[in-house]
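I opened the notebook for a walk through this chain. Here is what I looked up, in the order I looked.

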Amino acid sequence: MVEIQAKCQGETEFTKKTVCKEHPVGGKIEYRVSVTPTRCFSGKKEVILKMVALEEQAVLEVTSACDCPSCDSPAISYQASPRCQYHGHLVCGACVCDPQYSGEFCECSAETSQQEEIMLRQCTRPGDSVPCSDRGRCVCGRCKCNLARYMGLFCECDRHGCKRAFDDNQVCGGPQRGECQCDGTCKCKPGYTGERCDCIDSNANCYDPNNPDVCSCCI
């Protein structure tokens, strides 16, 4: 069973819904997803979440926890865990970092709060007030973007604006033909043109050896 809650632009609490009415362009929607298996099973199962009209999708790997011990149990708490770079404790699968360390795996050292502020500033684009353009996490002074569609030093670029080629459905025709730019347009490699980089920049293939006329390469 999958339950989805959403917090629309301007709202302060999550409610059970999947649609935000009168949502402004560029606005932010936060989702909270709860997956409850109806029975125990072995191995992993995938739950795919996809929004209408968007190319991005989230794939959740779900395992069933039957007779799972409490997270407060010392049996599942590991002191100075190697997963936490020996700078924190692994509790319920997540690192609880020692003082002066931070990051998902306690990989970042910050001896003073002033150094933490410096790292946050390194993740904030000039003119912005939120680190990583509110599209990622600041880890050791560098942004880790939340979704593959976001890129750039501050996660400021959105690949969603770049169009896909008609023939292979790859963004900008794939890495062999073009690259997605920060402004959402395709920059074509030499030999290709068009807004999707799926048009050959030559008339060589448009000539019929038995006909002197030239057809159009790109339609």
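I began with the UniProt record, an unreviewed entry, which places the annotation "domain: Integrin beta epidermal growth factor-like" on residues 80–101 and 121–156. I was working on a predicted model, so I checked what each stretch looks like there. Residues 80–101 come out as 0% helix and 41% strand, with the end C-alpha atoms 12 Å apart. For residues 121–156 I noted 6% helix and 28% strand, and 15 Å between the end C-alpha atoms.

**Whole chain.** Of its 219 residues, 21% are buried. I also looked at contacts with a separation of 6 or more: residues 24 or more positions apart account for 21% of them.

**Cores.** Which residues make up the largest nonpolar core? I found six: Cys162, Val171, Cys172, Cys180, Cys186 and Cys197. A second, separate core has five residues, among them Cys123, Cys132, Cys143 and Cys155.

**Arg196.** Then I turned to an arginine, Arg196, in the loop between strand E17 (192–193) and strand E18 (199–200). Is Arg196 buried or exposed? Its relative accessibility is 17%, and the cut-off for buried is under 20%, so Arg196 counts as buried. Its side chain reaches the backbone oxygen of Arg164 at 2.9 Å. Leaving out residues up to four places away in sequence, Arg196 touches Lys163, Arg164, Ala165, Phe166, Cys172, Gly173 and Cys186. Two of these names, Cys172 and Cys186, were already on my list for the largest nonpolar core.

**Asp134.** I followed with Asp134, which lies in the loop between helix H1 (113–122) and strand E11 (136–139). At 42% relative accessibility, Asp134 counts as partly exposed. I took one distance here: Asp134 and Asn146, twelve residues apart in sequence, are 9.2 Å apart from C-alpha to C-alpha.

**Rings.** Last, I searched for aromatic pairs, and the count came to zero. I did find a charge over a ring: Arg32 lies over the face of Phe14, at 4.0 Å from the ring centre.

Notes
Residues numbered from 1 in each chain as written. Predicted model: local features only at pLDDT ≥ 70, side-chain atom pairs only at ≥ 80, totals over all residues. Heavy atoms only, no water. Phe/Tyr/Trp six-rings, centres within 6.5 Å; stacked < 30°, edge-to-face > 60°. Lys NZ or Arg CZ within 6 Å of the ring centre and 35° of its normal. Helix = DSSP H or I, 4+ residues; strand = E, 2+ residues; numbered from the N terminus. Buried < 20%, exposed > 50% of the residue type's maximum accessible area, 1.4 Å probe, protein only. Polar contact = N/O pair within 3.5 Å; in protein donor to acceptor, adjacent residues only side chain to side chain. Contact = heavy atoms within 4.5 Å. UniProt positions renumbered as here; feature names shortened; annotations may be inferred. Core = buried A, V, L, I, M, F, W, Y, C linked by side-chain atoms within 4.5 Å.
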